[in-house]
Amino acid sequence: APKNEQLTEALQGELATYEQQGLYQSSVTKRSAYRYRGILVLYQRALGGAPPNLEVSKVFLGHLREQGYAPASLRLYRAVLKNFHKWRGETLEFPVKMPHHTPPYIEAKVVAAMLEFAKRDPRDYLILRLLSDAGLRREEAENLRVQNAVAGNLHVRGKGDKDRVVPMTDELAMCLNAYCATKKPDDLVLGVSGSAIYRAVKKYAPMAGKPEMKPHDLRHAFATRLLENNVNIRV
């Protein structure tokens with residue numbers, strides 16, 4: 001569904017009830033809820049006025065597979081419909097085979113070069129530090145508040161509302177303390193959108209010879225550095 005219709009087209013019947021009682025009560029970000037609602041809009045169109053049921057959902061997903069939807073997209077559509085059917089007390093089974101992709105290897109010197117180029121802009125420098133020194137996801141960096149930085153650690157709420165504590169490097173701590181010196185505890189650290197974080201990475205990645213790099217690649221680079229230093233990555 002076109003983006004301008006995903007929030008304006010009304011959901012009907014059970015889908016409308018689920019929107020209010022299920023979708024917006026689940027632990028998802030605003031961006032995810034927006035995407036999920038768009039999928040429900042498409043599903044409603046496919047129903048053509050018929051009531052939703054498990055078999056129709058399987059046919060809908062099968063049609064998407066026949067249309068050449070990528071496995072990652074199919075998994076997202078399945079997750080949305082699976083949660084809807086779970087809300088109805090049903091179990092949706094639809095296998096999606098995911099190909100194994102090894103994350104791109106980002107050398108330490110590439111990240112170092114990006115940080116060096118970003119030193120002239122305190123905000124961009126802090127963005128890169130949060131992603132590469134603490135392994136934050138884009139949305140986690142976007143939602144990080146000053147009060148989440150305590151005694152050299154970052155208290156982060158990530159996917160599925162799971163909390164974790166990440167120790168800060170000395171460089172990140174110095175950068176964050178200087179940037180937030182005049183901010184209040186409840187203020188957002190960065191105060192920018194996820195799009196701005198994306199643009200910051202895309203600005204400096206080409207300078208370091210990696211124009212294809214995305215924000216999440218810096219999280220992979222963070223994990224790679226841990227593994228190279230024999231750190232238990234789960235810890």
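Tyr43 and Phe60 are both buried in the predicted model. These two residues form an aromatic pair of edge-to-face geometry, with 5.5 Å from centre to centre and 65 degrees between the planes. The pair joins distant parts of the chain, since Tyr43 belongs to helix α3 (residues 30-47) and Phe60 to helix α4 (residues 54-66), 17 residues apart. Both residues are members of one aromatic cluster, which also includes Tyr18, Tyr69, Tyr77, Phe84 and Trp87.

In total, the structure holds seven aromatic pairs. Another of these is formed by Tyr18 and Phe84, whose ring centres are 5.3 Å apart; the planes stand at 70 degrees, and the pair is therefore edge-to-face, the cut-off for this class being over 60 degrees. Tyr18 lies in helix α2 (residues 13-21) and Phe84 in helix α5 (residues 71-87), so that the pair links distant parts of the chain, 66 residues apart. Tyr18 has a relative accessibility of 6% and therefore counts as buried. Phe84, at 0% relative accessibility, likewise counts as buried.

The overall architecture was examined next. The secondary structure of the chain amounts to 11 helices and three strands. Along the sequence, these elements follow the pattern α-α-α-α-α-α-α-α-β-β-β-α-α-α. The C-alpha atoms fill a box of roughly 60 × 40 × 35 Å, taken along the principal axes. The chain has 235 residues, of which 38% count as buried. Among contacts between residues at least 6 apart in sequence, 64% join residues at least 24 apart.

Helix α6 (residues 108-118) packs against helix α7 (residues 122-133) at an angle of about 160 degrees, and the axes of the two helices are 8 Å apart. Because angles over 145 degrees fall in this class, α6 and α7 are roughly antiparallel to each other. Their crossing is left-handed. On the α6 side, the contact is made by Val111, Met114, Leu115 and Ala118, while α7 contributes Asp124, Tyr125, Leu128, Arg129 and Ser132. Classified by residue type, the contact of α6 with α7 comprises six nonpolar residues, one polar residue and two charged residues.

By class, the contact of α7 with α10 contains seven nonpolar residues, no polar residues and two charged residues.

Tyr105 is placed in the loop between α5 and α6. With a relative accessible area of 47%, Tyr105 is partly exposed. Apart from residues up to four places away in sequence, Tyr105 touches Lys210, Thr224, Arg225 and Glu228. Between Tyr105 and Leu218, the separation is 113 residues in sequence and 9.9 Å in space, C-alpha to C-alpha. For Val150 and Phe60, by contrast, a separation of 90 residues in sequence corresponds to 48 Å in space, C-alpha to C-alpha.

Val150 is found in strand β1 (residues 149-150). At 41% relative accessibility, Val150 counts as partly exposed. Ala151 is located in the loop between β1 and β2 (153-157). Although Ala151 is not a glycine, this residue has a positive phi of about 50 degrees. Ala151 is exposed, with a relative accessible area of 74%.

A positive phi, of about 60 degrees, is also found at Asn230, which is not a glycine either. Asn230 is placed in the segment after α11 (215-228). The relative accessible area of Asn230 is 73%, and the residue is therefore exposed.

Conventions: Residues numbered from 1 in each chain as written. Predicted model: local features only at pLDDT ≥ 70, side-chain atom pairs only at ≥ 80, totals over all residues. Heavy atoms only, no water. Axes fitted to C-alpha atoms, helices over the stretch in contact; angles between N-to-C directions. Helix = DSSP H or I, 4+ residues; strand = E, 2+ residues; numbered from the N terminus. Parallel < 35°, antiparallel > 145°, perpendicular 65-115°, else oblique. Left-handed = near helix turned anticlockwise from the far one by under 90°. Contact = heavy atoms within 4.5 Å. Nonpolar A, V, L, I, M, F, W, Y, C, P; charged D, E, K, R; others polar. Phe/Tyr/Trp six-rings, centres within 6.5 Å; stacked < 30°, edge-to-face > 60°. Buried < 20%, exposed > 50% of the residue type's maximum accessible area, 1.4 Å probe, protein only.
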